[in-house]
Amino acid sequence: MSLSIDDLHVDLGGRPVIEGVSLSIGDGERLGLIGESGSGKSMTLLAVLGLLPDAATVRGSIRLDDRELVGLSDRDHAPLRGAEIGVVFQDPRTSLDPIRTIGSQIAEPLRLHEGIGRREARARAIEAAAEVGLPDPAGIVDRYPHQLSGGQRQRVVIATALIARPRLLLADEPTTALDVSTQAEVLDLFRRLVDERGTSLLFVTHDLAVLRRVVDHAAVLSAGRLVEQGPVRELLTRPAHPVTRGLVAASEATTWRTT
Amino acid sequence: MRRGSWLRAVVGSPTGAFGVGWLALVAVAAVASPFWTPLDPFATDPYAAWAPPSTEHLFGTDSVGRDVFSYVARASTTTALVALASGATALVVGVLLAVLGSLTPRWARDSVAVLIDVLVAFPTILIAMALAAAFGGSLGVVVIAAGTGYGVNIARVSRAEIRRVGREDYVLAARAAGVGALGVVTRHVLPNVAPLFAVQLSLAMATSILAEAGLSFLGYGASAETASWGRLLSDLQKFIGVHPWSIVWPGAAITLTVLAFNLLGDAVRDAGDPRLRPRAATPADRPGVVS
Amino acid sequence: MIRFTAGRLVLFALGLVVASVLIFATLRLLPGDVAQVIAGTTGSPAQVAALRTELGLDRSIVSQYLDWAGGLLRLDLGRSLVTGTPVGDEIADKLAVTLPLAGLSLVIGLLIGVPLGVLAALRRRRPLGTAVSVGAQVLAAVPAVWAGMLLIALVAVTLRWLPTQGFPIDGWSDPAAALRSLVLPAVTIGLVEGAVLLRFTRSAALGALDADYVRAAAAKGMTRDRALVRHGLPNVMLSVVSVLGIQVAGLVVGAVLVEQLFSLPGVGRMLVADVGRRDLTKVQGELMTLTAIVLAVGFVVDVVHRSVDPRSRERGE
């Protein structure tokens with residue numbers, strides 16, 4: 001599944017948050033999107049999903065394979081979510097419905113897109129829970145989010161994002177809200193799952209150290225504009241733009257190193 | 001937020017403007033009507049009963065020939081006095097209970113917390129009935145009942161806010177510097193909780209007007225010699241079969257005034273501290289007691 | 001859960017005690033000689049003395065209170081000072097009108113407030129949402145008695161469908177007729193309560209709209225509106241349940257006013273009359289009953305809310 005974003009402009013309440021961003025991801029490719037907070041990285045993901053705030057206006061083009069996403073009504077956009085595009089959001093404490101079981105939430109994309117029955121949904125949910133390394137999958141599907149740790153909840157979110165086998169996965173700072181040791185585990189899980197399935201990946205973060213663990217190519221955003229793009233190795237060793245240089249300096253302050 | 005821009009924000013919004021505008025009108029009527037009304041509000045004229053609206057009687061006349069417009073205008077003074085007195089009572093009761101329940105040693109805090117939780121459940125009208133049974137009905141009863149009823153609610157709402165402010169660094173710094181408890185309260189805590197109180201004051205006054213209307217209707221509020229919107233409703237009620245639409249004027253007056261206070265409260269809240277904007281509702285959130 | 005229920009039960013009992021003390025104390029605060037005031041100017045010294053003994057005024061105020069409180073525990077609310085009939089019986093009789101009225105009002109309030117509140121949130125940038133929201137604001141400002149009178153004027157006088165006053169003499173023996181007498185009063189209270197519920201539901205639903213888990217649900221493949229209804233709404237409903245306890249206080253207020261307006265033989269109207277007659281024993285009983293009902297409903301709602309919310313279950317259950 002290829003994603004190509006062309007000259008995207010997003011305004012929120014009269015203020016521009018994305019100004020003329022263009023990038024593309026080929027089938028099975030992985031791209032990182034990095035920048036400080038407020039640079040517009042999360043907004044880019046939301047634009048692809050069609051989940052920008054009501055007050056936002058969008059201009060430009062976002063193409064998923066041949067389909068144009070800009071200008072789609074919510075009703076037309078919704079079937080693509082979950083089935084073609086999966087997403088892992090940042091905060092596992094708030095992205096799960098507190099009053100529904102884990103199993104029902106993991107299986108929800110299947111029930112929406114494949115219309116399967118409750119028993120099969122439960123079985124697939126247990127499978128998915130096992131795939132992401134959750135302990136006691138058969139038991140955990142009947143528990144509630146508040147009974148799981150942050151790392152476990154994020155694994156649930158990942159399982160949910162991938163269960164309907166989307167060919168494009170979006171990730172918005174999926175490990176930022178986790179503690180450092182869990183971060184490494186979850187990132188490795190990410191990389192493994194995406195490798196195994198050949199899913200295209202757009203991975204957003206503000207931390208270069210996190211980025212290099214998951215992707216090989218990245219684009220740098222600053223104040224809504226794309227300022228630099230290239231292999232992660234190049235960005236780290238020969239950063240051209242001052243913003244990139246700042247990010248490199250910040251990442252070197254991180255205590256753990258990738259092997 | 002600086003006071004000037006804050007005020008401008010309140011008056012700038014359409015709802016805030018309506019609230020301020022209508023209340024200003026009521027205030028003018030309240031101050032002026034004891035001295036002048038088009039006709040004597042209490043003068044009866046049986047031959048002119050039930051006259052329809054005209055240039056002489058803008059709102060027509062009632063069952064005993066009183067000029068409804070003059071009566072309604074004169075009653076605004078009663079409403080204003082009740083609202084102000086109730087609001088003041090509510091603030092005093094609320095602040096007292098809130099401070100007692102947050103800046104005191106643990107045993108006192110817990111007792112007050114329990115007391116507040118219990119008192120909040122008491123409907124204002126039952127407080128009023130109890131007082132009326134003891135002292136006879138009067139506007140004083142209305143003020144005390146509405147004031148304590150809403151005061152307890154203010155205490156509940158502001159207790160959490162006071163605790164939070166009390167833990168802020170600048171307060172801890174003040175206490176470390178040796179500022180006494182009272183100083184901390186007056187100089188640091190209260191000014192920061194003030195926007196919350198402003199909103200609550202508005203709502204307290206709105207509630208008290210509804211309480212006065214209801215209690216005067218029952219005969220336990222304003223006396224017969226005092227002009228009151230609630231009493232007028234009660235007087236007109238007997239004739240609803242024959243003159244159903246006479247009740248429009250006092251009812252609209254009450255509704256518009258209460259609405260103005262509510263909208264003003266909303267506008268103040270929106271213009272002031274962004275923390276006061278509606279959060280996602282949690283099971284712990286409850287709205288204020290409605291009379 | 002057991003611990004929570006026990007804790008709330010203690011709070012409930014405490015509430016009853018505090019209420020009884022406050023009610024008793026307030027009524028005994030009568031300026032001047034209680035018995036004299038009640039007997040009025042027409043009472044002979046013998047009547048005043050008899051009243052004295054009846055009220056137990058020759059004893060200390062604490063023992064007077066304990067007497068009454070003791071009676072409460074046995075469900076004996078004493079006798080009317082005016083008619084001598086047992087207070088408990090009278091109240092039980094009138095509850096047959098007040099309780100159904102309150103229940104019906106609550107149902108109407110929920111039916112109006114909750115769906116419209118959700119609608120106002122879903123359509124918040126369109127004219128419909130704004131209109132509903134403004135309408136609720138206005139309705140919440142309407143005094144209950146005026147709303148009742150307008151309804152009477154509109155329906156019963158101009159359109160003539162429903163009775164405007166009173167309740168069938170035979171009570172509930174003809175349920176249809178009894179219900180018809182309660183419709184207008186219940187709608188009156190329900191409209192005002194519904195407006196309050198609408199504003200609360202709208203704000204809760206708006207909060208849910210912004211919630212991460214609603215957006216995450218939409219990201220699984222449904223439209224945002226559907227995500228709000230499927231995931232936001234149940235959470236909103238849970239909030240509404242938590243608020244119902246407080247709403248009951250509003251229902252009691254409404255009942256007292258509305259029973260007077262529509263001449264319904266309920267506890268509220270009886271209370272109003274008894275206050276005028278200074279029948280202290282009855283007033284005590286009526287106030288205590290109404291307060292106990294409010295506290296009891298609050299207790300039940302708290303427990304139900306807690307048992308339904310999965311977050312209150314122990315880990316690993």
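These legends describe close-up views of a predicted model.

**View 1. Chain A as a whole.** Chain A holds ten helices and ten strands. Its radius of gyration is 18 Å, close to the 18 Å that the globule rule gives for 259 residues, so chain A is as compact as a globular protein of that length. The C-alpha trace of chain A spans about 55 × 45 × 30 Å along its principal axes. Of the 259 residues in chain A, 47% are buried. Take the contacts in chain A between residues at least 6 apart in sequence: 66% of them join residues at least 24 apart.

View 2. Strand 8 covers residues 200–205 of chain A, and six of its six residues are buried. A:Ser200, A:Leu202 and A:Val204 point one way from the strand. A:Leu201, A:Phe203 and A:Thr205 point the other way. Which strands pair with strand 8 of chain A? Strand 3 (residues 30–34) of chain A pairs with strand 8 in the parallel sense, over five bridges. In this pairing, A:Gly32 stands opposite A:Phe203. Strand 7 (residues 168–172) of chain A also runs parallel to strand 8, joined by five bridges. Here A:Leu168 has A:Ser200 as its bridge partner.

**View 3. A β-α-β unit in chain A.** Three elements of chain A build this unit: strand 7, helix 7 (residues 180–197) and strand 8. The unit is right-handed.

**View 4. An open sheet in chain A.** Four strands of chain A form this open sheet, in the order 2-1-4-5. Their pairing is antiparallel. Strand 2 (15–25) and strand 5 (67–68) of chain A stand at the edges; each has a single partner strand, so one side of each is left without a neighbour in the sheet. Strand 5 is joined to strand 4 (residues 56–64) of chain A by two bridges. Across this pair, A:Arg63 stands opposite A:Glu68 in strand 5.

**View 5. Where chains B and C touch.** Of the two pairs of chains in contact, chains B and C share the most contacts. Here 59 residues of chain C are in contact with 47 residues of chain B. Which helix of chain C gives the most to the side that touches chain B? Helix 10 of chain C does, with 13 residues. The residues on this side of chain C divide into 44 nonpolar, twelve polar and three charged. Chains A and B, by contrast, have no contact, and their closest C-alpha atoms lie 12 Å apart.

**View 6. Helix 6 of chain C.** This helix has 15 residues, which at 1.5 Å a residue should span 21 Å; its end C-alpha atoms are 21 Å apart, which agrees. Its buried residues include C:Val132, C:Ser133, C:Ala136 and C:Leu139. C:Ala140 and C:Ala141 are buried in helix 6 too. The buried residues of helix 6 pack against helix 5 (87–122) and helix 8 of chain C, together with helix 10 (248–271) of chain B.

**View 7. A buried glycine in a loop of chain B.** B:Gly137 is found in the loop between helix 5 (124–135) and helix 6 (139–166) of chain B. Is B:Gly137 buried or exposed? It has 22 other C-beta atoms within 10 Å, so B:Gly137 is buried; the cut-off is 20 or more. Leaving aside residues up to four places away in sequence, B:Gly137 touches B:Ala132, B:Gly219, B:Tyr220 and B:Gly221. The C-alpha atoms of B:Gly137 and B:Ser223 are separated by 8.0 Å, although these residues are 86 residues apart along the chain.

Key. Residues are numbered from 1 along each chain as its sequence is written. Chains are lettered from A and ligands numbered from 1 in the order in which they are written. This is a predicted model: local features need pLDDT of at least 70, side-chain atom pairs count only at pLDDT 80 or more; totals for chains, interfaces and linings use all residues. A residue is buried if 20 or more other C-beta atoms lie within 10 Å of its own, exposed if 12 or fewer, and partly exposed in between; C-beta atoms are placed from the backbone. Two residues are in contact if their C-beta atoms, placed from the backbone, lie within 7 Å. Two strands pair if DSSP finds at least two bridges between them. Ala, Val, Leu, Ile, Met, Phe, Trp, Tyr, Cys and Pro count as nonpolar, Asp, Glu, Lys and Arg as charged, and the others, Gly among them, as polar. The expected span of a helix is 1.5 Å times one less than its number of residues. The radius of gyration is taken over C-alpha atoms; the globule rule is 2.2 Å times the number of residues to the power 0.38. A crossover is right-handed if, with the strands pointing away from the viewer, the path from the first strand over the helix to the second runs clockwise.
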